[in-house]
Each structure stands twice: as structure tokens, then as C-alpha cells.
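Please read the points below alongside the coordinates.

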Amino acid sequence: MSLATLSLLIILAPLAGAVVAGLFGRAVGRSGAHTVTIAGVAVSTVLSFFVFKAVVLDGGEGFDGPLYVWGQAGGLRLEIGFLIDELSATMMLVVSFVSLMIHVYTIGYMAQDPGYQRFFSYISLFTFSMLMLVMSNNFLQLFFGWEAVGVVSYLLIGFWFKRESAIQANLKAFLVNRVGDLGFLLGIAAVLLVFGTLDYAQVFAAAPDHADATMSIIGGFEWSAMTVICLLLFVGAMGKSAQVPLHVWLPDSMEGPTPISALIHAATMVTAGIFMVARMSPLFELSEVALNVVMVIGAITAFFMGLLGIVQHDIKRVVAYSTLSQLGYMTVALGASAYAAAIFHLGTHAFFKALLFLAAGSVIIALHHEQDMRRMGGLWRRMPITWLCSLVGTLALIGFPGFSGFFSKDGIIEAVGHSDLAGAWVAYPAVLLGVFITALYSFRMYFLVFHGKERVDEHAREHLHESPPVVTVPLVVLAFFSVVIGWPWVEPALFGDYFGATIVVHPEHDVLARVKEGFEGAGAFATHGFVALPFWLAAAGAAVAWYLYLREPELPERVAERFRVGYRVLVNKYGFDDFYGAFFAGGTRAVGGLLWRLGDVRVIDGWLVNGSARAVGRIASIIRHVQTGLLYHYAFAMIIGLLALMTWILYGLPAD
Amino acid sequence: MFSDFPFLSLVVWVPILGGVWVLFLGEDNRARNARFAALVVSLLTFLLSIPLYAGFDTGTAAMQFVEHAPWVPAFNIFYHLGVDGISLPLVLLTTFTTVLVVVAGQEVIEHRVSQYLASFLILEGLMVGAFAALDAILFYVFWEALLVPMFLIIGIWGGENRVYATIKFFLYTFLGSVLMLVAFLYLYAQTDSFRILDFHDVKLGLTAQIFIFLAFLAAFAVKVPMWPVHTWLPDAHVEAPTGGSVVLAAVMLKLGAYGFFRFSLPIAPDASGELDLLMIALSLIAIVYIGFVALVQPDMKKLIAYSSISHMGFATLGVFIAFTLLEAPDGRTSAVLGLEGALVQLVSHGFISGALFLCVGVMYDRLHSRRIADYGGVANTMPIFASFMMLFALANSGLPGTSGFVGEFLVILGSFQANFWIALLAGLTLILGAAYTLWMYKRVVFGEVANEGVAGLDDLNPREFIVLAALAVAVLLFGLWPAPLLEVMGPSVENLLDHVARTKL
């Protein structure tokens, strides 16, 4: 089978599953719905592996071609098509595989839910959208996938649509994403302005020739076109990948069921921005301004969002803030031109973060939807598989040498350390200190949930037991990959020609080449990890967590009391939500009300239409007494009037 | 083979005469007959309009299916019909929408059934006539005559405040149209002809062009409607019965935008170019200002009405951004984006606003309220309806893959080529449109069952299902594959640009 046919099948299989489960959910029943959707995603996963093998492992030819012409306007031809290369093949495999695990897990997690079929339909639809996004060969289709994942995420966060908090969160998520999408759309329009096409291959090929192009945004002042394009596109990435200040939707999105927190808000949708920037590397490489902005935004997100994880009590929210922070790491890597490191971390993160979410979900169902860590503790004995898998996930997350997260995160830290860009002065300390923070919140969560005193309430304790195999098997599989995936992948991904010509790095920016000089194989890298600074920072973080939450469990409250101001700042999430709520949500409503009551009702209708309206009012008050029958007369009079007018005009005019 | 047969006349006169026939079916105790007859007539008309597309030659900008017969020879007035790529999609939109309205009105309207259905059929014929007329007087007759059935629809089957709404509607639209007639007469004096295509070729001074442009503007801006002559629309929508709202939003508003394409641009291109910034500003105000106003509406129909005004702002923006673009050396490609985007927006808005008004109608028929506050948790009792409304709400927010995206996307792409800030302001609709639509959806459809009324709701019946499903298919089809629509428009838009680029001074 050709790559084109394979690609088409990979895309259509989950779509078919989604359609069957969604439209014929009642007919196929619960088991029918999960069978058909899982089959669809399984087909995608297997075929994605073949594609991955052909393109990446065997180094074969990729594919770039259209599927159909979406539309043609003037000279602009817009197509739907596929670009299969090392980058998209990797993403396809990660997306479909993680999605498959989550589909299986969902059978257990959603077993009691009345919206079972609908849920399977949504997650398959999501998989389809995400695949559309990564397999696209042009900006239009990228935007299709981009918005589609946003919508499905909206549907999934609001899956339990009776809950006020859920439907509040999904609206917020959608609107914040839309702010990013606006930037993204304008970025696409800017690409069209400069390049005259929306096709990746043509744009990237022509990019170097336009390096010095300018466009004027504010009268007379010329900006580098590449900087404008990249910054606008990056605004889109900030929305999808939840970078400060567009990060506010992600923690709230935890209102959705846990499997989608894992699928969307860990493994796939939030990585869309990272993927997109990596895909656009030929453009970003031409603008150091953009790279600096990307790096600084990423650094701010990585550090400050990690801090918030320390004060959360909701287990899913800790993982959510951890995701924000890790996305910050990936963004920093992008800014440092270490695109490969960003994608590598994206890949390892997909495994261990999905693992952590699903483990959290396993705890949550075992405790009958209890999410507050203050009512957990000591669960390791009751849920051994979940416990061990969580430990693996935690170690991978903090970057313990040898675990997958170590390879990718250390790669990023090293790369940023070698960067010459000004932004690295901010980013390097941020990512280093971030390691301490990561270990602190991760082990805080781990200790609070699995160790220490059992604080579970009576009712829940009676039913407390390990989750069923549909839940634990995906956990074990993901745990396995979270351990091993880094070993074979690190060398080709960071230092080899894994991505071939897909990712373009300007020689001056090539930090990974500099990191490579000290690289002597994965084993040596891991061994060296034990004596490097990040390891000791992580160890310190874990030790502090142990001291505060196991050794002296009374201490954290006293610390919070002592540093009350700082603690309040963190609990209030730096005030972003309050500010946005008051300024944007409240502000737009106030403006809307003002424009309506003052503009439309008073000025236009009240003053401008005043005279005639009052006259009409008088006529109306007369007519109102006469019932509908007379309206015919009125209409009739109108026609007669019209005819009279026409006659007058026609015959009053000289017919020369 | 197709073009010899008078399909256009049939599409105009079959519904008008059919409407008169339905009218004679009379009393409400024989309503079944009237309903059946109206359904047959509307379906027949739709079928008759299909050959217009099937036999349409997308390779030319010339008028097709042309019919030409003397009417008032003394003044060179002809019965002259024809369609090109600009009017054909709107004709098909009209025949498609009317079928849905007739089906949707089947059981809902219980008094004066035959008159109700006849009004829509006659209205259909008149609207098609207006889109297809190539003689200015013929156009004017259709244009004014179609006010009458709409006036009756709102005035007889409307809500409590219908008299106020109808008079406001009538005064606004009628006053504007009179100026248009004056412009026609002036052009007649110049050309000794009422052929619209002759008007396109006449040389006019700039002052004359500006006066003509403003006269047309008075007529078309009210119909679109553009800010600040838009306030009749929310009132008319609120009072109109569901079918009236659907036709008003889906088809009648398009007449205004169509007027810009057919009259203002080709007849007064220099004036259009002179006044383009004014028009762009008005369009942006419509998009942004009205977007804000829509946000705070407590009444669903009013909200959708304001949303319509905001979306029509994209149509006018797309039209007039073309002039700014043409000033640039290689701006013609982008100008095509603007114009085609505007046209696609017209068709797409027809589907989406029609569908949303039908959705409100479905709820109104059950609970007799349009107020958002009277609903909540509708998804619990009407899941199928909720799914349809979700699709249309997302389409209204311009989701890619639905037709709502295509026009906005092309217009924003085009605008960006002219000016960053215009594109940015227009793009705000991405946020505002989603905000007002989905916030309404949240309050109406999501949540716990709000009251006993909602608890007792029945999901869609087969009739409602068919209507919404037909629109859903249209919305998705043109979203995923707008190519056929763009192909039909292409040559005519290029031809229009040729006219526009050539000075008429």
C-alpha cells in the first residue's frame, strides 16, 4: 500500500468509529460503541507504526501530496492533503498509540456513565482531529485540525453538561483558545501575504529568500515579516499549548472526565502548539526576536506554573499544573532552536504524563470520585499496581537518570545552557530551578496519595481496592514505555539525523550540535546524570517533599501561615483568573450592555428614528384597534400607492 | 439543451401562481389540502431550480438562461431575466429555504393556514425574480412587491408587538428603496434603457457616481442591514413567526448585499473606490459593535438577529476591501478572496441563521418563550435537538469544516493583504461570535433541567428532524468542500473586478 492510501486509512478509521458511536450509539449499544471506536484507533495505531517504520526506521521516502481541492479562489488554490515525514510519522504514532491506551482505559473508567457511547464518539473524533492536524501539508488544514481539536476539547470538558463548573470551564477553554486562534489565523494570512501560498513545501522553500522582507503594521514603521509571522503563529501556540498568559483554561479543563485529561490535556492537544512551532522551524529560524520571545514565554510558564502545583489539593490539578510547566520546558527548547529536543520531550511526556493522569484517575475511581489529596494517603498497600506505576511516572517526570523524562529534559536544559540568545539568560535559571520545583510538587503528590497516614473516609475505605485490568493494563504499558523509551530514542532524536530535513536549524543556533560534543552514548549520559546539577536539584526537591509531607506533616501549614502573602499569591494563581473574569468577561458584557442600551436603543432608535417612530406610534395606536383583517387593506393601500407612484414617475417623465 | 427552456420564469412563476392556488384552497377546515399543495409547489420549484445549476456553464461570466420579452416598450422596459455566478447561488438558496420553511410550518401554524403558506410561496417567486431580473424596473417591482408578503407574514402571524415591528420594517426598507428608484430613473435618462447591463457600461462623472452610490446605499444598507440602519431587524425578527424569521435572515437580507454586487460596484466603481473606507468602517462597526450588543441580549431571537447583522458585516467588508486591495499592484488575487468570501458568506449565513431560527422555533413551539432565562438543561430532555443546535452554534462561531468558516476565512485573508488592523478587528468575531453563541447555548441547552417546562420537553419530531438534518448536511458539505460554490462564482467575480478596475469617469 502506498503512503497516501495508508494515510487516508489512518485518518478515516477513527472518524468512522466516531460516526458510528455518535450517530448510531443506541443501535450499536455500549459494547458496540467501544468495540468500533477501539478498532478504529487500533487500525490507526498499527498503520501508523508501518508508516513510522517505513519513514523513520527504514529511512524511506515520505509523502507530500493533495487529497482533494478544497476550493479555488482567484489564483489561490486551497487543498486538503498529507505531508508524511519523520516529524509527522512520529507524531502520528504517539497520538494514535496514547489514544488507543486511553480508549481501553475508558471502558473501565466510564463504565457507570450514561453517556458512554457519546464519550467514545468524542475521543475518537478527537483522535481524528489531532491526526488531521499533524498530517497536514498546508496551513489551511493545519487550522482545520487546530480548531477541531479545540472544539472536541470543548465538548469533552463539558461532557458532564449538568455540572455548572464543567460548562463554565469548557466555555472558558474555548474562548481562551479562540484568542490564540485569532493570532494564528492572522499569522496564516501573513504567510499568504509574504509567500502567496499556504502550502508548506512552497513556503519553506521560499523562506530564506524572504528573510529580509518587511511589512508595515503601524504606519511607516517597517517590521521584519518573519518576526510578524512567527509571533502571530506563536500566539496560536500559546493558546493551544497553554503558555502564560493564555494558560488559564488548562487547569479548569480538569472538570472533564479523567481519560480526556490524559488524552487531550497531556498527550496530544496541548502539544499541538509545540508541534506547530517545530514544523515551522524554517520560519522561526529566520527571526531571533521571535525565538527570544518563545524562549522567555516558555521559561515563565515552566517556572511559575510549576510553583502553583505545590499549593493545589486536587490531585488532577497538580498534574495539570505539572503539564503547564512541562509545556513550558518544551517551549523553551523551541526558543533555543532545539526543536528536536522539544519534540523528544513531547514524546516522552506524552507517555509519562498520560500515565500520571490515568494513575490519578485510577485513584479517583477507587475512592468514588474523591479528588482531594487531603482525603487520601497510604494507598500503596491497597492499590499496588497503581502505586508502582505512579512511582515510575513520578521518577520519569522529575527526570531521574535513566527514565525517559531524564533524557529529554536534560537534553533541553543542556541545550538552553548552550544557547547564545539573550533569552537564555532568563530561561536557563528558570529551567534549572524548575527541576527543583518539579521534584517538590511531584513527590508531594506522590507522598500525600500513597504514603503517610490513611485519611480516606469510612465509606470509601470499605470499597477501596485495586482497579480492574482495563485500567491497570494501560497503566503498565505506559509505565513500561515511560522507563525505556528514552534509551533508544535519545541519540537519534537529539543528535542524529532523526528528523532529516524536516527540521531546519540555522548553524549559528545549533545548540544541540554543541551538546553533542560531550555526548558518549545513552549509558554514559545517564551515568553522568547522577553527578550533574539537575539531579541534585531534583533530589533536593524530593527530600524537601519527604520532610514536609511525610516527616513533619504539620509543617506545611505553618510555612503557609508564615509566608502568608506568598501563599495567597500562589493560591490565587497570581490573580490571572480574577483579572480575566473582571476585565474580559465582565468588561465585554458591560460594553455590550452600554452599546445596546445607549447606542441602539437610545441614540439610534430614540433620537434618530425619533420623529418617524413617534408618528408611526400614533398610526400604530389607531391600527392596533383594528384587527388583522384590516392589515390587508393596509397592504393593499401600499400596493396602490406604489402603482400610483410608478405611474407618476413613468408618465411624468419625458419619453424621449 | 437547458438554456432554451424558460426555467427561470418557471422558478419565478410556479411558486407565485401556486401560491395563489393555495390561497384559493381557503378555509382552515381544509388546511390539510393547503399544506399538501404548498409542499408540492415548493418541492416542484426546488426541482425546477436544479437544472439551473446542472446546466450552468462555469466557464463564462455571461448571463445564462436569459429570457427577454417586451413589457412596456414605450419606455424600453423589458421582461428580462438571467443568472450569473453571483445570482445563481442565491436563487438556489431561495428555493431550498422555501421548501424547509413550508415543511417547518406544516403543523405549527393553525390559523389562516392557506394564507400563511401562500405568502411564502409568493414571496419565493418574488425573491427569485429580484435575483434574476436584468431590467431595472422589473427588479424594482420584485424588490418592492416582496415587502408585501413579508409584511403580512409578520403582521398577521407575528407576536404581540407585531404592528410596531411591521411598520418599522416597512418604513425603513421603503424609504431606502425610493431613492434607488430615483437612481434608476437618472440612469435611464443617461442610457435610454433600463437594462442593468447597459447601466454597467455608462460613463458617469464622479459627483453623479457618488449620488448614485448613496442612493443605492440607502436601499441596500437598510436591507443588509448595515450599522446604523439596522435596528428594524431585531424587532422584525422577534415578532416574526419562525418561518418569517428564516426567510428574512436566510434570503431577504441577501438582497441588500446582492445589490452592491449587481448595482453599486459596476455602475459606480469610482464612487465605490472613493467611499470604500467609509464602507469598511461601517462593516467593522457592524462586526465588532454588534458582536458586543449580541452578547447581552436576553432574547434568543434578538441575539441571533444581532448575530446576523454582525455576520453580514463580513459580506460588506469583503465587497469593499476589494477596492483598497486593487490600489496595490498585485492586489487583484486578494480582491477575489474578498468578493468570493463575501458571496460565500451570504449563502452560508442563509443556512446557519435559518437553522438557528428554526432551532429557536422548535423550542418556542413547545414552551412559548424566546427568553434565554426561561430555559436551561434542554440537552437533558432533547438530546438530538441539542446535537443539531450544537452544530449550528459552532457553525455560527465560524468553525472550520462548517460553511460558516469559509466566507469569514476568505474575507480575513483578503483583508490582511490590505491592512493588518482591519483584519484584526474583523477577526475579533472569532472570539465575540463564539462568546455570544456558545454562551447562549450554555445557558439554554447545558446545565441541570431548569424548570418543569424543560422537564416535559419532547425531542424532535420527524418533520423537525428532516428540516434540521437538511440544513446540517448543507452546512457541513459547503464547509468541507466549498469548491463547487467557488467554481460557480469564479468567472462572474473576475468579470465584476474587470468592471470595477476600469474607471467609468
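The numbered points that follow concern a predicted model.

1. Chain A contains 29 helices and 4 strands. With a radius of gyration of 29 Å, which is close to the 26 Å that the globule rule gives for 656 residues, chain A is as compact as a globular protein of that length. Taken along the principal axes, the C-alpha atoms of chain A fill a box of roughly 100 × 65 × 55 Å.

2. Of the 656 residues in chain A, 56% are buried. When the contacts in chain A with a sequence separation of 6 or more are considered, 80% of them involve residues 24 or more positions apart.

3. For chain B, the secondary structure amounts to 23 helices and 2 strands. The C-alpha trace of chain B spans about 65 × 55 × 45 Å along its principal axes.

4. Buried residues account for 67% of the 505 residues in chain B. Among the contacts in chain B between residues at least 6 apart in sequence, 81% join residues that are at least 24 apart.

5. Turning to the interface, 54 residues of chain B are in contact with 60 residues of chain A. On the chain B side, the elements giving two or more residues are α6 (147-157), α7 (162-191), α13 (276-295), α15 (332-367), α18 (403-418), α19 (420-427), α20 (429-444) and α23 (483-501). The largest share of that side, 7 residues, comes from α20(B), and by class the side of chain B that touches chain A has 41 nonpolar, 8 polar and 5 charged residues.

6. The axes of α11 (residues 242-267) of chain B and α23(B) come within 8 Å and cross at roughly 30°. Angles under 35 degrees count as roughly parallel, and α11(B) and α23(B) are therefore roughly parallel to each other.

7. Which residues make the contact between α11(B) and α23(B)? On α11(B) they are B:F261, B:L265 and B:P266, while α23(B) supplies B:L496, B:H499 and B:V500. By class, this contact has 5 nonpolar, 1 polar and no charged residues. As noted in point 5, α23 of chain B is also among the elements that give two or more residues to the side touching chain A.

Conventions
Residues numbered from 1 in each chain as written. Chains lettered and ligands numbered in written order. Predicted model: local features only at pLDDT ≥ 70, side-chain atom pairs only at ≥ 80, totals over all residues. Contact = placed C-beta atoms within 7 Å. Nonpolar A, V, L, I, M, F, W, Y, C, P; charged D, E, K, R; others polar. Axes fitted to C-alpha atoms, helices over the stretch in contact; angles between N-to-C directions. Parallel < 35°, antiparallel > 145°, perpendicular 65-115°, else oblique. Buried ≥ 20, exposed ≤ 12 C-beta atoms within 10 Å, placed from the backbone. Rg over C-alpha atoms; globule rule 2.2 N^0.38 Å.
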